[in-house]
Amino acid sequence: MNMKSLALGLIAIALAVTGCSQVTMLRTQEMKAVGTDVQVAVLSNLDSSVQYLSAQNDSLRAELDSIKSQMAMQKRMMAEITMLSRRMGDESERNDSRQEEIIYRLDMLLGKSDKILAKKVVVSGAPQAPMSMDSLEREAEKLVEAEAMFNTARSDYHRGEYKLAYTGFKQVYEQMKTGELAENSLYWMALCLIDANQVEKAKKVFSSLAEAFPDGQKTCSAMFKLAALYGEEGNVDMQKQYLQKILNSKKCSTSGEFEQAAEILQELLESGPQAEVKPAEAPAENPAP
């Protein structure tokens, strides 16, 4: 009985051990299965996160590219607006210049027409007789031709074509010789020479204008510019001389150059020969005829 019981006990123990091993194996397999599921879930979530972040990154890049494109477009628009603004400004200046020339031409034509119609011819001390219609027509044609040349020369000057403008003004002066148009042509000839760095010639032209047209519209301006040119050269004596001529001229007493000439001359006299010479500064004006 004891042996039998012992044998049964051993068998029971063996069965128990075998059962435990099987249970352990089952649990191990279950744990492995659970671990695999967890890994799969984690990888799936990670892949989803990566895809989401990638989509967000693509979206941000697209927005950034759109912003860059808008900024580039705004820059182009600003550049175009600036260019258009400059063109409008240039066109406005050209229109103003054209209007000024038209107004000036009308004034000159009206004034010259009155003078031509009122002009008389003196023959052997006899009373003055009216000019013939042929003479009036020739004078009018001559004036219109000179006006056209003068306006062309003015346009050349404003374009910086000083040599070409000088030639045009010279032709007008040689054709007219006297009158406002001739005086204005001399004045603009001198301006062309100054801008072409031919100061000595410009001084001669200004001097000729002052001598030929002592009561002209440009005489005061011509003498003031002569004073300025001599002042820039350091020739104080000549500068004082022309400033004094302005002060002695009745014609210049109501001009803008008169007061400035008085101030500059007083400064030169007070400063003495040892002080630095102050060039005469031309008054701010548009060099219109």
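Visitor: How many helices and how many strands does the chain have? Within that arrangement, please look closely at K203: with which residues does K203 form a salt bridge?

Guide: The model is a predicted one, in which local features need pLDDT of at least 70 and side-chain atom pairs count only at pLDDT 80 or more, while totals for chains, interfaces and linings use all residues. Residues are numbered from 1 along each chain as its sequence is written, and side-chain values use heavy atoms, with hydrogens and water left out.

The chain has 8 helices and 2 strands. Both kinds of element are DSSP runs numbered from the N terminus: helices are H or I runs of at least four residues, and strands are E runs of at least two. Read from the N terminus, the order is α-β-β-α-α-α-α-α-α-α. Of the 289 residues, 25% count as buried. Here buried stands for under 20% relative accessible area, exposed for over 50%, and partly exposed for what lies in between (1.4 Å probe, protein chains only).

K203 forms a salt bridge with E200 and another with E233. A salt bridge is counted when a side-chain nitrogen of Lys or Arg is within 4 Å of a carboxyl oxygen of Asp or Glu. In general, side chains of opposite charge can pair when their charged atoms come close.

Take the pair with E200 to begin with. The closest N and O atoms of K203 and E200 are 3.0 Å apart. Both residues belong to helix α5 (residues 199–212), and because they are 3 residues apart there, about one helical turn separates them. K203 counts as buried, at 6% relative accessibility, whereas E200 is partly exposed at 48%.

The other pair reaches out of α5. Between K203 and E233 the closest N and O atoms are 2.9 Å apart. This pair links distant parts of the chain, with K203 in helix α5 and E233 in helix α6, 30 residues apart. Through shared partners, the salt bridges join E200, K203 and E233 into one network. E233 counts as partly exposed, at 40% relative accessibility.

The structure holds 3 salt bridges. D156 is buried, with a relative accessible area of 8%, while R159 counts as exposed at 55%.

The torsion about the S-S bond is about -105 degrees, so the disulfide is left-handed. C220 lies in α6 (residues 219–233) and C252 in the loop between α7 (236–248) and α8 (256–271), so the bond ties together parts that are 32 residues apart in sequence. Both cysteines count as buried, C220 at 3% relative accessibility and C252 at 1%. C192 is a buried cysteine too, with a relative accessible area of 1%.

Next, the stretch of chain leading up to α5. N197 sits in the loop between α4 and α5. Its phi is near 60 degrees, a positive value in a residue other than glycine. Most residues other than glycine have a negative phi. N197 counts as exposed, at 67% relative accessibility. A further positive phi, of about 70 degrees, belongs to K177, again not a glycine. K177 follows α3 and is placed in the loop between α3 and α4 (180–195). At 46% relative accessibility, K177 counts as partly exposed.

Helix α3 itself covers residues 162–176, and its 15 residues should span 21 Å at 1.5 Å a residue; the end C-alpha atoms are 21 Å apart, which agrees. The expected span is 1.5 Å times one less than the number of residues. A165, G168, F169, V172 and M176 are buried in α3. Viewed down the helix axis, the buried residues fall within an arc of 95 degrees, so they line one face of α3. That arc is taken from the directions from the helix axis to the C-beta atoms.

Definitions and conventions: Disulfide = S-S within 2.5 Å.
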